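Hi,

Here is the structure I promised to pass on.

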Amino acid sequence: MATASDEDAVARAAYAVQRHQQILLKLRAEQRVDTAELAAAFGVSGESIRKDLIHLERHGQLKRVHGGAIPADTLSFEPAVSARTEYSTEKGRIARAALEYLPHQGSVLIEAGSTTEKLAETFPGDRELTVFTNALPIALALVNRPLLTVFTLGGRLRSRTLAEVDEWALRSLAEMNADVAFLGTNGISIERGLTTPDAAEAHIKRAMLSSARRRIFLSDHSKINVVSTVQHATLSSIDVLITDTGIANKDLKALRAAGVQVECV
């Protein structure tokens, strides 16, 4: 039987995981974190924060420097989907705008991601649609809608994104023909196209492009001019890019000049 000390240890571990996620989010936004500031913000000792930073450094997620930490490699940073809470309002607007491209009948493909999860949350319940997804949270959000038939792709489940990847998922996509795919990305660049940190997810993203008649990309403005590790699409792969009004005017003009249909909401 668990003792009170055992329960305290579990609680401390859970809180540490939450701190780790918040530290990485702050690091991504500010490109540096300060040990003393983190300790004050979380109400813990500086020693606790140092242990957090040591743990994150051992997992390759940051590099410790005097007084704090800096990103280990901004190209490979990938927060868990559950930790991607930035720009929630903008993602909600993007998801609602994406509903304009939802067919009244037929099939859709929805990729794993925080913005596509917003789309699933706002999905109408009055259409007979077949939905394919490689994301368990999206499947669970839609499975109780009586007019929807929901399929997951199968395959290895990545704990960081809850996305199904690898051969089983690729085989499913090879046999699939969806009317519309709703897709996401970690970065969009004029020079490097669309990129993501993980090679396995990049393979799935590429396969999704050829499995749908129309490709709608959902991305908030923070992804513009970001280049991650692996390219999964070129700008020509985008039929429509839906982003928010936070996009810089010069970036909007550059994307449109490159032939991308961009909607700002």
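Before the aromatics, a quick word on terms: rings of Phe, Tyr and Trp (its six-membered ring) count as a pair if their centres lie within 6.5 Å, and planes under 30 degrees apart make the pair stacked. Also keep in mind that this is a predicted model.

With that in hand, searching the whole structure turns up one aromatic pair. The partners are F132 and F151: their ring centres are 5.4 Å apart and the planes sit at 25°, so this one is stacked. F132 belongs to strand β5 (residues 128–133) and F151 to strand β6 (residues 148–152), so the pair ties together parts that are 19 residues apart in sequence. As for solvent, F132 is buried, at 17% relative accessible area, while F151 comes out at 41% and counts as partly exposed.

There's a charge-on-ring contact to look at too. R19 has its charged end over the ring of Y15, 5.0 Å from the ring centre.

Then the helices. How do α2 and α3 cross? The axes of α2 (residues 35–42) and α3 (residues 46–58) come within 9 Å, with a crossing angle of roughly 115°. That makes the two helices roughly perpendicular, and the crossing of α2 and α3 is right-handed.

Cheers

How values were computed: Residues are numbered from 1 along each chain as its sequence is written. This is a predicted model: local features need pLDDT of at least 70, side-chain atom pairs count only at pLDDT 80 or more; totals for chains, interfaces and linings use all residues. Side-chain values use heavy atoms; hydrogens and water are left out. Rings of Phe, Tyr and Trp (its six-membered ring) pair if their centres lie within 6.5 Å; planes under 30 degrees apart count as stacked, over 60 as edge-to-face and the rest as tilted. Helices (H or I, at least four residues) and strands (E, at least two) are DSSP runs, numbered from the N terminus. Buried means under 20% relative accessible area, exposed over 50%, partly exposed in between (1.4 Å probe, protein chains only). A charge sits over a ring if NZ of Lys or CZ of Arg is within 6 Å of the ring centre and within 35 degrees of the ring normal. Axes are lines fitted to C-alpha atoms, for helices over the stretch in contact, and angles run from 0 to 180 degrees between N-to-C directions. Angles under 35 degrees count as roughly parallel, over 145 as roughly antiparallel, 65 to 115 as roughly perpendicular and the rest as oblique. A crossing is left-handed if the near helix is turned anticlockwise from the far one by less than a right angle, and right-handed if clockwise.
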